[in-house]
Amino acid sequence: MNSALLKNATIITASQTIKADILARDGIIEQIGRHLDAADAQSFDLTGRYLLPGGIDVHTHLDMPLGDIRSCDDFTTGTVAAACGGTTTIIDYAAHAHGETMAQGLDAWHQRAEGKAVIDYGFHLTLSEFTDRTLRDMERIVEAGVTSFKVFTAYPGRMMIDDAAIFRVLQQAKEIGALVCVHCENGQVIDALIHDALAAGQTAPKYHPLTRPAIAEREAAHRVISLAEMADAPVYIVHVSSGAAIEQIAQARLRGVPVYAETCPQYLFLSAELYDGIEFEGAKYVMSPPLREKLDQDALWQAVRNRMIDVIGTDHCPFHFQSQKTLGRDDFTKIPNGGPGIETRLNLMFTGGVSEQRISLNHFVDIVSTQPAKLFGLYPQKGEIAPGSDADFVVINPEHETFISAITQHSIVDYSLYEGMRVKGTPEKVFARGELIVENGRFLGKPGAGRFLKRQRSSHYAR
Ligand code: DUC
Ligand code: ZN
Ligand code: ZN
């Protein structure tokens with residue numbers, strides 16, 4: 001197998017910054033120290049470069065069925081894009097269709113990923129309904145190495161389950177050592193607002209955010225946190241988009257409720273005026289929750305700074321603008337929900353976080369790699385630079401600038417949310433289990449090299 005000797009790097013982990021060499025053999029970090037030598041290893045001089053643990057994106061939707069279409073990146077194009085952006089592990093949301101067992105849903109996702117993923121991957125399991133067998137099924141799924149679930153308070157009739165069901169899922173998760181991830185928006189009120197909008201002939205993309213107000217997110221966050229509190233179980237709130245939801249999380253933490261929170265770059269960098277774009281341009285930003293106001297961005301950055309946000313995910317769920325988003329040209333509710341982001345998570349967070357001096361380099365590593373690994377049962381195999389950990393690394397030249405563009409990106413989606421944005425922190429090299437898989441934007445790895453990761457319990461349960 002491979003041996004790699006990484007010399008003279010500035011190693012950044014969530015807890016320290018050191019100058020040292022790293023020797024990796026057979027995909028694992030063997031040694032960290034000064035003046036290491038290994039004649040049989042391929043050597044890389046990383047003077048002047050930062051070396052971090054590979055990024056971990058715990059919120060992706062690759063090859064995801066939605067009605068008659070699928071999110072356009074499959075497990076090859078999506079993970080190539082992830083790798084080129086410095087992400088060496090993803091956790092994708094598997095789901096089961098109504099009437100299917102969770103195991104059937106999980107099998108379908110294994111088939112989508114196997115032989116295609118270029119980086120290591122795990123799955124969460126999304127509940128699309130709550131039935132007599134849900135709680136039993138959850139145990140089997142955890143035994144299969146899938147230690148987190150997702151439930152929705154949105155999309156009545158499709159994905160939403162009621163409060164008692166969420167409460168039962170939370171209780172069971174605590175019992176079996178799993179973590180429940182929740183999409184928080186009040187789906188029933190949103191459906192009423194959508195009904196009113198359509199009845200008034202309001203069909204353009206700009207009505208998407210108006211029918212999904214931040215209060216609907218705040219209400220659901222409050223309710224879900226209260227359910228977790230009553231179940232005495234931890235809860236992880238996905239894609240937090242508003243200052244109003246952050247307030248709920250902050251208050252809950254003050255009460256000692258173990259609520260964990262994720263946001264995504266789109267909510268930190270973009271805002272709702274983009275829905276007013278000419279023609280149908282606003283459809284590019286149709287995702288749920290929707291983009292919010294500038295004040296929400298400020299609140300979210302503040303929450304990142306004060307560690308109210310634990311994790312930066314992407315909710316990468318790409319649909320082509322030209323051929324898929326257009327399904328909703330005459331009705332915004334038919335625009336497939338979701339946007340791309342898997343490739344730009346690290347450079348955006350490096351730029352907005354580290355370069356703009358909002359967070360330290362170590363904090364940056366923590367939210368894009370170490371905390372995701374810990375909360376989702378991958379630590380210290382992933383998310384750490386230490387002997388025995390996987391040799392997944394990102395090498396960054398802190399001075400180098402690039403421009404984000406759909407033309408140069410690796411995802412096959414036909415647009416970028418950040419077209420033309422100037423960023424630092426685009427990886428120069430990426431290693432996955434000791435193999436150099438990306439160099440200067442060129443992908444060098446191969447489909448099928450990624451392995452399924454059977455995950456342990458969340459670090460929450462080790463507290
Ligand atoms: N929620 C997600 O987490 N992803 C895609 C769509 C959605 O509503
Ligand atoms: Zn969601
Ligand atoms: Zn999602």
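# Exercises on a predicted model

Lys7 sits in strand E1 (residues 3-12); helices (H or I, at least four residues) and strands (E, at least two) are DSSP runs, numbered from the N terminus. This is a predicted model, in which local features need pLDDT of at least 70, side-chain atom pairs count only at pLDDT 80 or more, and totals for chains, interfaces and linings use all residues. Residues are numbered from 1 along each chain as its sequence is written, chains are lettered from A and ligands numbered from 1 in the order in which they are written, and side-chain values use heavy atoms, with hydrogens and water left out.

## Exercise 1: Lys7

Task: Decide whether Lys7 is buried or exposed, and list what Lys7 touches.

Solution: 
- Step 1. The relative accessibility of Lys7 is 19%. Buried means under 20% relative accessible area, exposed over 50%, partly exposed in between (1.4 Å probe, protein chains only). Lys7 therefore counts as buried.
- Step 2. Leaving out residues up to four places away in sequence, Lys7 touches Asp21, His35, Leu36, Ser43, Phe44, Asp45, Leu46 and Thr47. Contact means heavy atoms within 4.5 Å.
- Step 3. A polar atom of the Lys7 side chain lies 2.8 Å from the backbone oxygen of Leu36. A polar contact is a pair of N or O atoms within 3.5 Å; within protein, one must be able to donate a hydrogen and the other to accept it, and residues adjacent in sequence count only if both atoms are side-chain atoms.

## Exercise 2: ligand 1

Task: Name the residues around ligand 1, then find how much of ligand 1 the protein buries.

Solution: 
- Step 1. Around ligand 1 are His59, His61, Lys150, Tyr155, His183, His239, Ser288 and Asp315. A residue is near a molecule or strand if one of its heavy atoms lies within 4 Å of it.
- Step 2. An N or O atom in the His61 side chain is 2.9 Å from a nitrogen atom of ligand 1. For His183, the distance from such an atom to a nitrogen atom of ligand 1 is 3.3 Å. An oxygen atom of ligand 1 lies 3.1 Å from a polar side-chain atom of His239.
- Step 3. Ligand 1 taken alone exposes 240 Å², and the protein buries 93% of that. Accessible areas come from the Shrake-Rupley method with a 1.4 Å probe; for residues, only the protein chains shown count as cover.

## Exercise 3: Gln409

Task: Locate Gln409 and find its contacts.

Solution: 
- Step 1. Gln409 is in the loop between strand E17 (401-403) and strand E18 (422-424).
- Step 2. With a relative accessible area of 18%, Gln409 is buried.
- Step 3. Its side chain reaches the backbone oxygen of Val413 at 3.0 Å. Not counting residues up to four places away in sequence, Gln409 touches Glu343, Tyr415 and Ser416.
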